[in-house]
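Open the structure in your viewer and keep the sequence panel beside it. Each stop below says what to select and what is there.

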Amino acid sequence: MNRKVVCMVLTWLSASALISAQAPPQVQAAQQCRPVAPPAAPPAGGGGGRGAGGQGQGRGPAAQRGDVTPIPGIVAADLKWTKVWQAGGNSADGILADKDGNVLVAQEDFDAVLKIDKDDNASVFVSNAKGVGSLSMDRQGNLYGAHRTERAGSTKPDKDSIMNAITILAPTRKTVADKWTDGETLNVRPNDLAADSQGGTYFTVGCVYYAGPKGVSVMADNINTNGIVFSPDDKILYVTNGGTIVAFDVMGPGMLANRRDFGLLQMGGGDGLAVDTEGRLYVTSGSGVQILDKTGRYLGLIPTPRSVISVAFAGAGKKTLYVVGSGADDASGQPIREGPQQTAATIYKLPMIAQGVKDRAK
C-alpha cells in the first residue's frame, strides 16, 4: 500500500473515531426512553401516570377562595366550578369530548371508559378495556386508548395478562402497537396520547413516542413529558416539560421537527393539555388551569378546587371546560383512598367564553 493510500485510510479512521466519540450521548439519551429490560412494576402512586402537576390529593390555593379569576375572552368573573362526578381509585383520566359533547374518561382501575352526558349522568361506554389509562380520538371518530401494565398492589385476577399497548377501542377494536419497531415487547407504560388522524398516535411517558403500523419508536428524548395535544390545524404538537411547554412541527406520521421551547408556566409544572379554537393552551397543574396564547405568552390561571390532572372542552358548542381533579372526599369530608394508588378522582365543569375545537375531540 503506498503512502498516499495509507494517509487516506488514517484520515478516514480518525474522522470515524471522532463521529463515534460524539455519538454516545445521543444514543444514551434514546436508551433512557427505551428501557433495556422490562422495568419493575411501579410503586403505588407513581410511575407511568401523572406528572408534577397532578401528584397527590391536595387542594390548590383556590380551594379556600372558590373564586374564578376572569381572563378576557376566555372566562368570566364570579363563576364557580360545579362538581360533576367522583369515585375512588384511579377512576378518571385522559378526559375528552365525543362528537355529541359528552365527556369520556379512562378508568384504569376498572378497565373501562366512562361517559358523562350533558345532564351529568354517568354510564360505561367501553368495558373490558384492560389497563386503559388515557384516551384520544382522531378526526374520523376512532377512540384510542393507552393501556398500561398493572401497578404493584393490583388485585385484578388477570393482572399478568394486561400489557402496555396503544389500541383503537371504538367503533371497532384493534391493536395499533404493543411492540417496538424491532418486534420487542413494549416495556414502557403509555401515559397521555394524541391521535394524528392518519392511523397512528403520539404518546408520552417521560419521552415522546409514536405508535403506528410498524410499532413504537422514540420521537424525542431529554425531556420530561406528560400532557400532549395538537394545535387546531394539527401542524404543531405540544407537550409539557415540567414548567415549560415544548413544541414540534409535525411533518408527517411519526415525523417531528424544529423542537423548541414554546412557553413558560408560572404556577407549577404542567400535566394535561387542551387547546381552544384560538390556539390557546390550557395546562393542568397543582394550582389550577394555566393558559398560554398561541404565541406562548402566559395569560393567567383559572384556579380549581383541587389539583387537576386532565382537561378538555365539551358540552354544548364545546364551551364548557371539564377537569379531572386528583382526589375526592367522602360525605364527612375525609379523603377517599382506594386502589393500588390509594387515590380517587373528581370531575368538575366550568362555563367558558372560549370554545374548544369543534371538529376534533380535543
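The tour starts with the whole chain and then goes stop by stop.

**Before you start**

This is a predicted model, in which local features need pLDDT of at least 70, side-chain atom pairs count only at pLDDT 80 or more, and totals for chains, interfaces and linings use all residues. Residues are numbered from 1 along each chain as its sequence is written, and side-chain values use heavy atoms, with hydrogens and water left out.

**Stop 1: the whole chain**

Show everything as a cartoon. The protein has two helices and 23 strands. Helices (H or I, at least four residues) and strands (E, at least two) are DSSP runs, numbered from the N terminus. Of the 362 residues in the protein, 53% are buried. Buried means under 20% relative accessible area, exposed means over 50%, and partly exposed lies in between (1.4 Å probe, protein chains only).

The accessible surface comes to about 16000 Å², and carbon and sulfur atoms account for 53% of that. Such areas come from the Shrake-Rupley method with a 1.4 Å probe; for residues, only the protein chains shown count as cover.

**Stop 2: Cys33 and Cys207**

Select Cys33 and Cys207, which are joined by a disulfide with an S to S distance of 2.0 Å. A disulfide here is a pair of cysteine sulfur atoms within 2.5 Å, and by this rule the count comes to one. Cys33 sits in helix α2 (residues 24-33) and Cys207 in strand β11 (residues 201-212), so the pair links distant parts of the chain, 174 residues apart. Both Cys33 and Cys207 are buried. The torsion about their S-S bond is about -85 degrees, so the disulfide is left-handed.

**Stop 3: strand β22**

Select residues 320-326, which form strand β22. How many of its seven residues are buried? Seven of the seven are, so β22 is largely enclosed by the rest of the structure. In a regular strand the side chains alternate between the two faces of the sheet. Here Thr320, Tyr322, Val324 and Ser326 point one way, while Leu321, Val323 and Gly325 point the other way.

Two strands pair if DSSP finds at least two bridges between them. Strand β21 (residues 308-314) runs antiparallel to β22, with six bridges, and Val308 stands opposite Gly325. Strand β23 (residues 344-351) is also antiparallel to β22, over seven bridges; there Lys349 is the bridge partner of Tyr322.

**Stop 4: the turn between β21 and β22**

β21 and β22 form a hairpin with five residues between them. Gly315 in the turn has a positive phi of about 80 degrees. Next select Lys318, found in the loop between β21 and β22. Most residues other than glycine have a negative phi, and most peptide bonds are trans. Phi of Lys318, however, is positive, near 50 degrees. Lys318 counts as buried because its relative accessibility is 9%.

**Stop 5**

Select Val323 in strand β22, which counts as buried at 0% relative accessibility. Leaving out residues up to four places away in sequence, Val323 touches several residues, among them Trp81, Val289, Val308 and Ile347; contact means heavy atoms within 4.5 Å.

Then find the largest nonpolar core, which has 19 residues. A nonpolar core is a set of buried Ala, Val, Leu, Ile, Met, Phe, Trp, Tyr and Cys residues joined through side-chain atoms within 4.5 Å. Which residues touch the most other members? They are Ile74, Val75, Trp81, Tyr282, Ile302, Leu321 and Met352. The elements that give two or more residues to this core are β19 (288-292), β21, β22 and β23, and β21 gives the most, with three.

**Stop 6: Asp329**

Move to Asp329, in the loop between β22 and β23. Its side chain makes a polar contact with the side chain of Arg306 (3.4 Å). A polar contact is a pair of N or O atoms within 3.5 Å; within protein, one must be able to donate a hydrogen and the other to accept it, and residues adjacent in sequence count only if both atoms are side-chain atoms.

**Stop 7: β8 and β9**

Last, select strand β8 (residues 165-170) and strand β9 (residues 174-177), which run antiparallel with three bridges. A hairpin joins them through three residues. Pro171 lies in this loop, and the peptide bond from Ala170 to Pro171 is cis, with omega near 5 degrees.
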